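Please look over the sequence and the structure below before reading on. The text that follows leads through the model step by step.

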Amino acid sequence: MTSQPPLVSLKNVNKHYVDGDVHAMRDVSLDVYPGDWISIVGASGCGKSTLLNMMGALDRPTSGEVFFRDTPLDASGDLDQHRAKHVGFVFQSYYLLPNLTASENVQIPMFGTTLHATERQQRSIELLQLVGLSNRIDHLPDQLSSGQRQRVAIARALANDPALVLADEPTGALDSDSGREVVELLERLNRENDYTLVMVTHDLELAKRGSRVVKMHDGVVQESLV
């Protein structure tokens, strides 16, 4: 695999939601290494999104431990700050603010940093160029196609140069052509820009484009393929 230590490690993680008596994760152990592209597959309700939320510190285990660079997340202090500095999120829905331009939407995660306004603007332009939207910098979301909106969302996820990018069904709301373009973009960001990517998907063919495929069933990592 790699001689580097894991970026994220889950050790015997369980997640039980008392409301509804749901065991979303059962004794899951998994390592994510720098530069990985891990695709998480499985049926609806099998625990894929819960696993992603654990990696991104959006949720806490009922038992077990999640580590980031060998430090337990519970010991890392402010989890909001951890997410802002180290994790970028891409969701099926774009969650763009409709009254802000593409550039302004990309800048939102930067407002908690020390960057000045001109630096935020320049960074957003560079990121929109990276995702192929240099001609859409001042467009509002309703002036963009669905695929372009998702590209803006990806640029926003990269705003603070995160160590880890988590994508939950990033092509789920797109047509096949737009979905293919978004996947090719994510692939390029992983392979050429060395972003570590973990992606949830129902599409097995899409999943196989990653470096590793993790299959979940009823909250259990059933199979991890390289």
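The paragraphs below go from the whole chain to its sheet, its helices, its salt bridges and a patch on its surface.

This is a predicted model, in which local features need pLDDT of at least 70 and side-chain atom pairs count only at pLDDT 80 or more, while totals for chains, interfaces and linings use all residues. Residues are numbered from 1 along each chain as its sequence is written, and side-chain values use heavy atoms, with hydrogens and water left out. The confidence of the predictor in each residue is given as pLDDT, on a scale from 0 to 100; the mean for the protein chain is 92, and 97% of its residues reach 70 or more.

The protein chain has seven helices and 10 strands, where helices (H or I, at least four residues) and strands (E, at least two) are DSSP runs numbered from the N terminus. Its C-alpha atoms fill a box of roughly 45 × 40 × 40 Å along the principal axes. The radius of gyration, taken over C-alpha atoms, can be set against a globule rule of 2.2 Å times the number of residues to the power 0.38; for 226 residues a compact globule would have a value near 17 Å, and the 17 Å of the protein chain agrees with this. Of the 226 residues, 48% are buried, a term that stands for under 20% relative accessible area, with exposed meaning over 50% and partly exposed in between (1.4 Å probe, protein chains only).

Which strands make up the open sheet, and in what order? Four strands form it in the order 2-1-4-5, with antiparallel pairing, two strands being counted as paired if DSSP finds at least two bridges between them. Strand 2 (22-32) and strand 5 are the edge strands, each pairing on one side only. Within the sheet, strand 1 (residues 8-17) runs antiparallel to strand 4 (residues 63-68) and is joined to it by five bridges; among the partners in strand 4 are Glu65, which pairs with Lys11, and Phe67, which pairs with Ser9. Phe67 also has a bridge partner in strand 5, namely Pro72, where strand 4 and strand 5 (residues 71-72) pair in the antiparallel sense over two bridges. The hairpin of strand 4 and strand 5 has two residues between the strands, and in it Arg69 takes a positive phi near 50 degrees.

Helix 1 (residues 48-55) is mostly covered, since six of its eight residues are buried: these are Lys48, Thr50, Leu51, Leu52, Met54 and Met55. Just after helix 1, Ala57 takes a positive phi of about 60 degrees.

Side chains of opposite charge can pair when their charged atoms come close. A salt bridge here is a side-chain nitrogen of Lys or Arg within 4 Å of a carboxyl oxygen of Asp or Glu, and by this rule the count comes to 10. One of them joins the side chains of Asp74 and Arg60, at 2.4 Å from N to O. This pair links distant parts of the chain, 14 residues apart, with Asp74 in the loop between strand 5 and helix 2 (79-86) and Arg60 in the loop between helix 1 and strand 4. Arg60 has a relative accessible area of 44% and is therefore partly exposed.

Another salt bridge pairs Arg83 with Asp80, whose closest N and O atoms are 2.1 Å apart; both residues lie in helix 2, three residues apart, or about one turn of the helix. Arg83 counts as buried because its relative accessible area is 18%, whereas Asp80, at 51%, counts as exposed. In helix 6 (residues 176-193), Glu187 and Arg191 lie four residues apart, about one turn of the helix, and their side chains meet in a salt bridge of 3.5 Å from N to O. Glu187 is buried at 19% relative accessible area, while Arg191 is partly exposed at 49%. Salt bridges that share partners also join Asp177, Arg180 and Glu184 into one network.
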